[in-house]
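Subject: Structure for you to look at

Hello,

Here is the structure I said I would pass on. Please open it alongside this email and follow the notes below it.

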Amino acid sequence: MSNSLLKGKRGIIFGALDPQSIAWKVALRAHEEGAQFVLSNAPVALRLGAINQLAEQCNAKVIGADATSNADLEALFTQSMEVLGGKIDFVLHSIGMSPNVRKNKPYTDLDYDFYHKTLDISAMSLHRVLQSAMKLDAISEWGSVVALTYIAAQRVFPDYNDMADAKSMLESIARSYGYHYGKAKKVRVNTISQSPTKTTAGQGVKGFDNFYNYADALSPLGNAPAEACADYCVTLFSDLTKHVTMQNLFHDGGFSYTGVSQEVMEKMFPST
Ligand SMILES: NC(=O)c1ccc[n+]([C@@H]2O[C@H](COP(=O)([O-])OP(=O)(O)OC[C@H]3O[C@@H](n4cnc5c(N)ncnc54)[C@H](O)[C@@H]3O)[C@@H](O)[C@H]2O)c1
C-alpha cells in the first residue's frame, strides 16, 4: 500500500545484490512510495546482473561505485544529481563485507590486510559517502542518510568476527558525521540495527541458521523481516522523522532489550 511518503524525493540506494538483499526490498518500497532513485553497487556486483531487473521494476538508473573509492563516490553523486534533476534527499548505505569472515579467519588470528578491508568497506565507506556528498553539497536540507548495522556493535556475538568492530565504527561515524552534517545542512544520519536476515551477507556468518533461530526465539515479536526493515527505512527517509538524527535505532522485534524468553529457557532447561 502506498502513502506517497516519498513523493518527489530523490535518492541513492547502495547494496542491492539480489532479491534477498535488504537494499532490494528498500528499493521496491521506496519506489512504491513515489521516490525516484539511482541504484548503486560495486562494479563486481553489477557484473552479476541481477540489479538490472530491479532497475527495470523501479524505473531506476544503475551507476556503479566502489564504496572504498572517493573518485567513484564523487562521480556517483554528480551523475545522480544530473539523472534525477536535483539534490539527493535520501541515501541508503547497505554495504558490508569481511574478507576474514569469507576466508574463515577466526577473530584471534585475523589477517590485518583483510581487517583493513573489512573496516574500509563496511564502515569507513559511510564516512566517504558523507564526505563526498558534503563536498559537492549534494544532499538537500533535511535529507536523510541511513546505514544498516547489527547489535554485535554493542554485545559480543563471537562468530560475527571483525564485522563487530566495523559496525561499532559505522555507528560512531553516523553519530559524529550526523553532528557535523546536521549543523551545516540539517542533514540527518542514523543507523538501523536489524535482526538477523537471510541474505548473502547474513548467511556468510558461521552458524547463521542456529543463530537466526535463537534470535527469533528470544525476540517477543520474532525476527524483523527484511520487508519490515524496508518500511522502517522509508519512514526515516520521509518528512515524518525530520528531527531524528545521530541515533542507532533497533529494528529487531525486541531482541536488544530482552534478557531471556520462555522459549529459550525451555530449550535450555526443559521443565520436567
Ligand atoms: N543479513 C543480516 O543478518 C543483517 C543484519 C543486520 C545488518 N545487516 C547489514 O545490512 C547491510 C546489507 O546486507 P544484506 O544482509 O542485505 O546482504 P547483501 O549481501 O545482499 O548486501 C551487501 C552489499 O554490500 C555490497 N558491497 C560489498 N562491497 C562493496 C563495495 N566495496 N562497494 C559497494 N558495495 C559493496 C555488496 O555488493 C552487496 O550488495 C550490511 O551492512 C549488513 O551488515 C545485515
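This is a predicted model: local features need pLDDT of at least 70, side-chain atom pairs count only at pLDDT 80 or more; totals for chains, interfaces and linings use all residues.

Start with the ligand. It is surrounded by 27 residues, and the closest of them are Ser21, Gly96, Thr199, Ala201 and Gly202. By type, the shell consists of 14 nonpolar residues, 12 polar residues and one charged residue. Three elements each supply at least two residues of the shell: α1 (22-32), β5 (139-149) and α8 (200-203). The largest share comes from α8, with three residues.

Next, look at strand β2, residues 36-40. Five of its five residues are buried, so the strand is largely enclosed by the rest of the structure. In a regular strand, side chains alternate between the two faces of the sheet. In β2 both faces are covered: Gln36, Val38 and Ser40 are buried on one side, and Phe37 and Leu39 are buried on the other.

β2 also has strand partners. Strand β1 (residues 10-14) runs parallel to β2 and is joined to it by five bridges. Within this pair, Ile12 stands opposite Val38. To get from β1 to β2 the chain passes through α1, and this β-α-β crossover is right-handed. Helix α1 is also one of the elements that supply at least two residues to the shell around the ligand.

The other pairing to look at is with strand β3 (residues 61-62), which is parallel to β2 and joined to it by two bridges. Here the bridge partner of Val38 is Lys61 in β3.

Regards

Notes: Residues are numbered from 1 along each chain as its sequence is written. A residue is near a molecule or strand if its C-beta atom, placed from the backbone, lies within 6 Å of it. Helices (H or I, at least four residues) and strands (E, at least two) are DSSP runs, numbered from the N terminus. Ala, Val, Leu, Ile, Met, Phe, Trp, Tyr, Cys and Pro count as nonpolar, Asp, Glu, Lys and Arg as charged, and the others, Gly among them, as polar. A residue is buried if 20 or more other C-beta atoms lie within 10 Å of its own, exposed if 12 or fewer, and partly exposed in between; C-beta atoms are placed from the backbone. Two strands pair if DSSP finds at least two bridges between them. A crossover is right-handed if, with the strands pointing away from the viewer, the path from the first strand over the helix to the second runs clockwise.
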